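Please look over the sequence and the structure before reading on.

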Amino acid sequence: MDSRDVAKMIGKTHAHLMRDISRYINDILTDPKLDSLDFFIESSYEDAKGEVRKCYLLTKQGCEFVANKLTGKKGTIFTATYVSLFNEYEAEHNGKTVAIDSSLEHEKLAYKREWLIEMRKQNVNKAHELRNQDVKLYLELGKVADDYQRPRMATDFRNEAIRAMSALPVGARREYSATEIGNIIGVSPIAIGKWANKLGVKRDADMSYRDRDGAWCYFPEALKIFQDNALEIQDDDLGL
């Protein structure tokens with residue numbers, strides 16, 4: 001997780017969190033058995049003025065380290081959030097079902113359950129996207145075969161494209177979570193929720209709906225609205 005996002009989630013300025021992380025690396029993670037890169041990875045970003053600024057990428061262990069320094073509800077909410085995000089990543093990239101640990105607090109279970117529901121719901125849409133990519137790839141390969149005057153190969157590729165198209169789910173409509181849209185335009189999920197209210201997205205049933213678990217889901221029409229206002233949303237998310 002980007003340290004800028006973490007700072008917002010725990011209610012600190014980014015400069016304050018950067019100072020804390022530097023102290024953790026230099027004063028605490030000095031044991032030879034501990035590698036600071038297992039917790040915090042130095043990175044950078046370009047600010048609104050085009051200047052390169054330092055930041056850190058926090059691994060799951062790094063998030064745990066920061067969470068252990070927090071107290072009260074703020075720490076619980078941050079823990080629940082990062083656990084959910086990393087579980088979603090693991091489920092998406094490893095294809096594994098994330099087991100629910102009964103020892104987790106109620107808030108963590110609620111977040112984890114929400115992400116599992118979201119992942120199940122996205123399965124059809126992801127299959128749809130992958131098949132669309134296959135279609136585009138086979139059509140491009142067909143053009144390449146034409147360029148090399150290989151008509152038989154070109155026909156084979158185009159037949160593969162037709163087979164991929166016939167496998168697409170009929171009537172499937174893409175849905176996006178706040179996290180997905182945030183990743184697309186480079187802002188936090190919290191910013192997406194905030195601007196969905198500002199832009200009237202949540203009041204339009206053709207652009208969004210709230211599922212039975214209370215999570216907002218957005219349609220492609222909503223994504224376009226967010227993209228059209230991306231610069232303003234990014235500036236607001238950065239506090240500019």
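## Elements

Helices (H or I, at least four residues) and strands (E, at least two) are DSSP runs, numbered from the N terminus. The model is predicted: local features need pLDDT of at least 70, side-chain atom pairs count only at pLDDT 80 or more, and totals for chains, interfaces and linings use all residues. Residues are numbered from 1 along each chain as its sequence is written, and side-chain values use heavy atoms, with hydrogens and water left out.

The protein chain has ten helices and four strands. Their order from the N terminus is α-α-β-β-α-α-α-α-α-α-β-β-α-α.

For contacts (heavy atoms within 4.5 Å) between residues at least 6 apart in sequence, 54% join residues at least 24 apart.

## A nonpolar patch

Leu37, Ile41 and Leu57 make a nonpolar surface patch of about 240 Å². Such a patch takes nonpolar side chains (Val, Leu, Ile, Met, Phe, Trp, Tyr) joined within 5 Å, from residues with over 30% relative accessible area and no salt bridge (a side-chain nitrogen of Lys or Arg within 4 Å of a carboxyl oxygen of Asp or Glu).

## Confidence

The mean pLDDT (the predictor's confidence in each residue, from 0 to 100) of the protein chain is 78. Helix 5 (residues 106-147) has the lowest confidence, at a mean of 65, and helix 8 (residues 189-198) the highest, at 93. Over residues 97-104, pLDDT stays under 50.

Notes. Patches are made of residues with over 30% relative accessible area and no salt bridge: like charges are joined within 9 Å, nonpolar side chains (Val, Leu, Ile, Met, Phe, Trp, Tyr) within 5 Å. Accessible areas come from the Shrake-Rupley method with a 1.4 Å probe; for residues, only the protein chains shown count as cover.
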